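Visitor: I'd like to go through this one with you. Can you bring it up?

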Amino acid sequence: MRWKISIEGSDEITQGHRLEFEIAKSLDDLAAGSLGLSVDDGKTILASLQRYFIEQQCALYVLFRRHCQGCGGTRPIKDYSARTIQTVYGAVTVESPRLYPCRRCMPGVDFTITPVSELCPDRATVELMTLTAKLGALMPYRAATEVLADFLPGQMPTRHTTLRHRTLTVGKRLEEKEEQRMFFEKVDTQERRQCELPLPGDPEREFVLGIDTAHIPQVRGHETRSFEAVICHASRGGVGSDRGILFAFSGTSRKRMRAEGLLALKRLGYEGKGDVTVISDGEDCLKRLKSALPQPATHILDWFHIAMKLRSIEQTAGWLARRLPPNEREELLEDIAAVRWRLWNGQTDRAIDLIGRLFQDLKADEQGSSAIAPLRGGLLNLRIYIEQNRGSITNYGARYREGRRIASTAAEANVNNLVARRMVKKQQMRWSVRGANLLLQVRVALANGDLAERLAYRPPVQPSQTIISPFVPLPLFQRAA
């Protein structure tokens with residue numbers, strides 16, 4: 001059986017186009033269970049169509065570029081060369097002429113232009129660049145090359161460095177687009193509290209930025225074995241609201257945090273009104289974000305980190321209470337529970353006093369049990385942690401009952417999704433600061449679901465400015481006259 005496929009088309013300049021090709025199927029293949037078109041047949045059809053379409057499109061664009069818009073003449077051709085374009089349906093080699101400028105409009109000018117390179121400067125289509133960036137951001141580069149070779153026609157297994165280069169190129173473009181957004185889409189950071197309506201119960205009033213850091217293994221040859229990356233989840237409203245917006249970058253630059261934070265607030269609808277809240281684990285580099293955002297802004301210590309330290313103390317106290325008399329056991333457990341209750345309700349000073357009293361009471365019996373030393377160490381660490389972040393502790397119970405956020409769990413979860421799964425846990429690799437930052441841009445765009453939108457961003461057209469002629473003084477003799 002031989003099947004002939006025929007396609008006809010036309011464009012704005014030429015009369016028409018026609019393409020015919022055949023596909024052969026034998027009865028032996030049918031008896032072997034090969035019913036219908038196979039994956040290889042589909043790849044052959046798509047590769048043939050892609051090759052013909054690209055050849056016609058490039059030829060049409062060359063004809064368009066040869067036409068001079070100034071005088072209506074024709075630009076002369078200097079020479080021809082072959083250019084290979086990688087597409088999702090295979091590689092296509094087309095004829096690529098180089099053109100001189102119009103001799104009437106620009107006589108004596110000797111530079112050349114290449115229309116085909118204008119269409120595809122990366123030697124790969126935008127769709128293929130985006131697809132390879134998605135796969136390269138989600139899985140190892142070598143595995144991504146095998147997936148492309150299995151499912152796309154004409155994609156032979158290439159070196160993983162090619163896919164890595166394409167992924168980081170897309171990440172670089174995302175970063176450039178983000179910098180353009182930061183420059184053109186600015187947020188008014190002036191305080192406008194007096195202009196706000198008295199709506200304290202409005203859940204959409206609060207803009208919450210949960211921020212955390214991740215440690216990424218660094219390439220050898222540096223002083224440190226790892227470097228930090230900032231992961232932030234910005235959302236509006238309380239628990240159960242929209243999923244929010246993510247941003248991430250390598251390093252802990254305050255300037256970058258400010259720019260990314262302002263851009264995230266604008267995407268969430270911030271217009272100078274509302275409460276801005278930053279939730280972090282109390283690290284110094286993260287607490288600086290509060291002063292960089294529009295005021296008034298509040299910093300809250302993450303309750304999850306406080307609860308983890310309390311949980312360790314409670315487990316150690318429970319193991320120690322088994323060896324104490326009943327009255328001392330109840331007193332110890334009640335004091336530990338009182339510490340949690342006071343911190344939960346924002347009574348920082350009372351919690352610090354109770355922790356200090358417990359620490360002193362356990363000092364007399366330090367030799368009595370092996371659990372007393374770890375318990376005193378946990379109490380000391382908790383007290384230092386609370387004293388260092390005294391001004392960031394709030395009434396967590398009241399916020400929880402109001403349905404507002406009290407922990408940076410969204411940022412913690414995205415640390416695992418964006419960094420740990422791809423760069424730390426499953427992939428035992430070492431990264432450069434620049435490479436990790438570009439890969440994070442792609443992974444963040446995929447998590448937000450706006451990869452195509454961010455790549456298609458164009459800066460707003462700026463209005464033309466009136467040129468004022470400079471002041472030209474009169475000559476000396478003319479002024480004398």
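Guide: Here it is; note that this is a predicted model. A place to begin is R123, which sits in the loop between α3 (115-119) and α4 (126-138).

Visitor: What is phi of R123 near?

Guide: Phi is near 60 degrees there, a positive value in a residue other than glycine.

Visitor: And how exposed is R123?

Guide: R123 is partly exposed, with 43% relative accessible area.

Visitor: Switching to cysteines. How many disulfides does the structure hold?

Guide: Zero disulfides are present. C58, for one, is in no disulfide, and the nearest cysteine sulfur, that of C120, is 8.4 Å away.

Visitor: Is C58 buried or exposed?

Guide: C58 is buried, its relative accessible area being 6%.

Visitor: What about C105, and which cysteine sulfur is closest to its own?

Guide: For C105 the closest cysteine sulfur belongs to C68, at 3.6 Å. That is too far for a bond, because a disulfide here requires the two sulfur atoms to be within 2.5 Å. C105 itself is partly exposed, at 39% relative accessibility.

Visitor: Salt bridges next. How many are there?

Guide: The count comes to 15 salt bridges. One of them joins the side chains of E175 and R256, at 3.5 Å from N to O.

Visitor: Where do those two residues lie?

Guide: E175 is in helix α6 (residues 160-184) and R256 is in helix α7 (residues 254-267), so the pair ties together parts that are 81 residues apart in sequence.

Visitor: Are E175 and R256 buried or exposed?

Guide: E175 counts as buried at 7% relative accessibility, and R256 counts as buried at 18%.

Visitor: Which residues are linked with them in a network?

Guide: The network of salt bridges links E175, R256, E260 and R434.

Visitor: OK, now R383. What does R383 form a salt bridge with?

Guide: The partner is E387, and the closest N and O atoms are 3.0 Å apart.

Visitor: Where do R383 and E387 lie?

Guide: Both are in helix α12 (residues 372-388), four residues apart, which is about one turn of the helix.

Visitor: How exposed are R383 and E387?

Guide: R383 is partly exposed, with a relative accessible area of 31%. E387 is also partly exposed, at 35%.

Visitor: Last topic, the surface. Which residues form the negative patch?

Guide: E328, E330, E331 and E334 form a negative surface patch.

Visitor: Take E334. Which helix is that in?

Guide: E334 is found in helix α10 (residues 326-344).

Visitor: Is E334 buried or exposed?

Guide: E334 counts as exposed, because its relative accessibility is 52% and the cut-off for exposed is over 50%.

Methods:
Residues numbered from 1 in each chain as written. Predicted model: local features only at pLDDT ≥ 70, side-chain atom pairs only at ≥ 80, totals over all residues. Heavy atoms only, no water. Patch = residues over 30% accessible without salt bridge, like charges linked within 9 Å, V, L, I, M, F, W, Y side chains within 5 Å. Areas by Shrake-Rupley, 256 points an atom, 1.4 Å probe, with all protein chains shown as cover. Salt bridge = Lys/Arg side-chain N within 4 Å of Asp/Glu carboxyl O. Lys, Arg positive; Asp, Glu negative; His and termini not counted. Charge placed at Lys NZ, Arg CZ, Asp CG, Glu CD. Buried < 20%, exposed > 50% of the residue type's maximum accessible area, 1.4 Å probe, protein only.
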